[in-house]
Amino acid sequence: MNKMKTYAILLIAIIAVWVKTVAIHLLSFDLGVETFTQQLILWLSPLSFLCIMFSFAFLFRKAKARNLYILATVFVLDLILYGNVGFYRFYTDFVTIPVLSQTSNFGDLGGSIKEILAWSDVLFFIDFFIVLIAVKMMKEQEDTLTHRKRFMLASMAVAGLVFATNLFF
């Protein structure tokens, strides 16, 4: 039963972050997605990354550490996505490595933070609360998860397959 709780929490985390990310991409960014292939790429792109990020949870032997990792990962991914949307609202551009090196861009944001924020921004963190509730409801006992490395490799293999499928399109 503990194995099922671990997998359920991981699946809830992956699905919640995945669906929210796709929804935000569709609603907050002007991506010009028109064809079925573009839609498929939009849906598959975050999935391989999320499978890899959450597969590292199998490295933790204790359920408490594993759940803390899952919650921290969801929260950090939420912050990154929220920061990207906030930057896009102001500059109509995405945060990239070259943009990050131009720190003068961020100085302009200071006075207009109130203009960028919206009451609906709380929804950016809805997946964190969903995963938090799942963790609280499915309290795991001590770890009985065997073959953690196999599951981690299997998860990464699925991520690689999804990534390769994404590249195919």
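How far apart should the ends of helix 2 be at 1.5 Å a residue, and what is the distance between its end C-alpha atoms? The 20 residues of helix 2 should span 28 Å, and the end C-alpha atoms are 29 Å apart, which agrees. The expected span here is 1.5 Å times one less than the number of residues in the helix. This is a predicted model, so local features need pLDDT of at least 70 and side-chain atom pairs count only at pLDDT 80 or more, while totals for chains, interfaces and linings use all residues. Residues are numbered from 1 along each chain as its sequence is written, and side-chain values use heavy atoms, with hydrogens and water left out.

**Overall fold**

- The protein has eight helices and zero strands, where helices (H or I, at least four residues) and strands (E, at least two) are DSSP runs numbered from the N terminus.
- Of its 169 residues, 37% count as buried; buried means under 20% relative accessible area, exposed over 50%, and partly exposed in between, with a 1.4 Å probe and protein chains only.
- The accessible surface comes to about 10400 Å², and 72% of that belongs to carbon and sulfur atoms; areas come from the Shrake-Rupley method with a 1.4 Å probe, and for residues only the protein chains shown count as cover.
- Among contacts between residues at least 6 apart in sequence, 75% join residues at least 24 apart, a contact being heavy atoms within 4.5 Å.

**Nonpolar cores**

- In the largest nonpolar core, which has 24 residues, those touching the most other members are Leu-10, Ala-13, Val-17, Phe-54, Ile-70, Val-74 and Val-131.
- Two or more residues of this core come from each of helix 1, helix 2 (36–55), helix 3 (63–91), helix 7 (126–137) and helix 8 (148–168), and helix 1 gives the largest share, six residues.
- A second, separate core of eight residues includes Ile-24, Tyr-82, Val-85 and Phe-125.
- A core, in this sense, is a set of buried Ala, Val, Leu, Ile, Met, Phe, Trp, Tyr and Cys residues joined through side-chain atoms within 4.5 Å.
- Beyond its neighbours within four places in sequence, Val-74 is in contact with Ala-13, Val-17, Phe-54, Asp-127, Phe-128 and Val-131.
- Among the buried residues of helix 2 are Leu-42, Leu-47, Leu-50, Cys-51 and Phe-54.

- The whole structure holds two salt bridges, each a side-chain nitrogen of Lys or Arg within 4 Å of a carboxyl oxygen of Asp or Glu.
- Lys-20 pairs with Asp-78, with the closest N and O atoms 2.4 Å apart; this joins helix 1 to helix 3 across 58 residues.
- Lys-20 also forms a salt bridge with Asp-127 (3.3 Å, N to O), linking helix 1 to helix 7 across 107 residues.
- Lys-20 counts as buried because its relative accessibility is 9%, and Asp-127 is buried with a relative accessible area of 0%.
- Shared partners join Lys-20, Asp-78 and Asp-127 into one network, and Asp-78 is buried too.

**Nonpolar surface patch**

- Leu-11, Ile-15, Val-19, Leu-26, Leu-27 and Trp-43 form a nonpolar patch on the surface with about 590 Å² of accessible area together.
- Patches are made of residues with over 30% relative accessible area and no salt bridge, with like charges joined within 9 Å and nonpolar side chains (Val, Leu, Ile, Met, Phe, Trp, Tyr) within 5 Å.
- Helix 1 (residues 2–28) gives the most to this patch, five residues.
- Ile-15 lies in helix 1 and is partly exposed, with a relative accessible area of 45%.
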